[in-house]
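This briefing sets out selected features of a single protein model, arranged by topic. Please read it alongside the sequence and the coordinates displayed below.

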Amino acid sequence: MAHIIVVGNEKGGAGKSTVSMHVATALSRMGHKVGTLDLDLRQKTLGRYIENRTKFLGEKGLTLPTPTYHELPEIDPSTLKEGENIFDHRLSVAVAGLEPDNDFILIDCPGSHTRLSQVAHSLADTLITPLNDSFIDFDLLAHIASDGETITGPAVYSQMVWSARQLRAQAGFEPIDWVVVRNRIGAQNMVNKQKMEAAITKLSKRIGFRTAPGFNERVVFRELFPRGLTLLDLRDIGVKGLNISNIAARQELRELIKSLNLPGVTVDF
């Protein structure tokens, strides 16, 4: 059975699609079969990323390991029983179709609360939540007092993950391995950085997630999107010497993949 990775966070701009594409492509390059779904039915950033990749490789006559992208199937509303939700069926049919032929299914969720995102979280074996190093983003996980230290209670996204965990438990599935990935961490040892680290460490013990290092803010991520490329592809397209930023970003990806502890994955880049 395929291992389901869900990349979710109800706030936009946290780097979900960048993380999704780099994780999916890294797994593909390591020899795993990876199918992907994009639940942002309007923007489809991950879908566009893979579409750009396929087009660029075709134009250049290149063959590089690439995750497959799949649209959610349409469902005839007349086939639904009373009380059944059409989005639930679209997602379940898509996942069922991908499971036999893939080692991993990666689902990229929108930066908002939707029915599709809710259901996807309940399917997650591994949940990756990219989080910018900011108390504005932290507020999605938990409410914190004005001292920047005292956690007063869980916020909306944590409550949604808790509901997903309960659904999985009721269905007899293994618990979700929830990994909060800290993106855009400042290089300097600033007070905000220290307070964020302390707050996330405290919250991780309280509501049960692991933390992992993510990506720093780098121009290269925005530059790669039109060609559908990732950091791991640069040498394959003829980039002779990677600059210091590229090398550092590649190492960040390596550490992220290692931190996920995915089944059957040995990091070899």
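What is the order of the strands in the open sheet, and how are they paired? The model, which is a predicted one, contains an open sheet of 7 strands in the order β3-β2-β4-β1-β5-β8-β9, and the pairing is parallel. The edge strands are β3 and β9 (210-213), each of which pairs on one side only.

- Strand β2 is joined to strand β4 (residues 104-108) by 5 bridges, and the two run parallel.
- Within this pairing, V34 stands opposite F104 in β4.
- Strand β1 (residues 3-7) runs parallel to β5, to which it is joined by 3 bridges.
- I5 is placed opposite T126 of β5.
- β5 also pairs with strand β8 (residues 177-183), again in the parallel sense, over 7 bridges.
- The bridge partner of I128 in β8 is V179.

- Is strand β5 (residues 126-132) largely enclosed or open, and why? Of its 7 residues, 7 are buried, so the strand is largely enclosed by the rest of the structure.
- In a regular strand, side chains alternate between the two faces of the sheet.
- In β5, T126, I128, P130 and N132 point one way, while L127, T129 and L131 point the other way.
- The residues of both sets are all buried.

- Helix α4 (residues 115-123) packs against helix α6 (residues 156-171) at an angle of about 55°, and their axes are 8 Å apart.
- The two helices are therefore oblique to each other.
- The crossing in which α4 passes α6 is right-handed.
- Which residues of α4 meet α6? On the α4 side they are S117, Q118, H121, S122 and L123, and they meet Y157, M160, V161, A164, L167 and R168 of α6.
- Sorted by class, this contact of α4 with α6 has 6 nonpolar, 4 polar and 1 charged residues.

**Residues with positive phi**

- Most residues other than glycine have a negative phi.
- K44 has a phi near 50°, a positive value in a residue other than glycine.
- K44 is found in the loop between β2 (34-38) and α2 (45-60).
- Its relative accessibility is 24%, so K44 counts as partly exposed.
- N261 likewise has a positive phi, near 55°, and is a residue other than glycine.
- This residue lies in the segment after α9 (244-260).
- N261 counts as exposed because its relative accessibility is 57%.

**A loop residue, S78**

- Where does S78 lie? S78 is in the loop between β3 (68-69) and α3 (86-98).
- With a relative accessibility of 59%, S78 counts as exposed.
- S78 and V119 are 41 residues apart along the chain, and their C-alpha atoms are separated by 21 Å.

Methods: Residues numbered from 1 in each chain as written. Predicted model: local features only at pLDDT ≥ 70, side-chain atom pairs only at ≥ 80, totals over all residues. Heavy atoms only, no water. Axes fitted to C-alpha atoms, helices over the stretch in contact; angles between N-to-C directions. Helix = DSSP H or I, 4+ residues; strand = E, 2+ residues; numbered from the N terminus. Parallel < 35°, antiparallel > 145°, perpendicular 65-115°, else oblique. Left-handed = near helix turned anticlockwise from the far one by under 90°. Contact = heavy atoms within 4.5 Å. Nonpolar A, V, L, I, M, F, W, Y, C, P; charged D, E, K, R; others polar. Buried < 20%, exposed > 50% of the residue type's maximum accessible area, 1.4 Å probe, protein only. Pairing = 2+ DSSP bridges.
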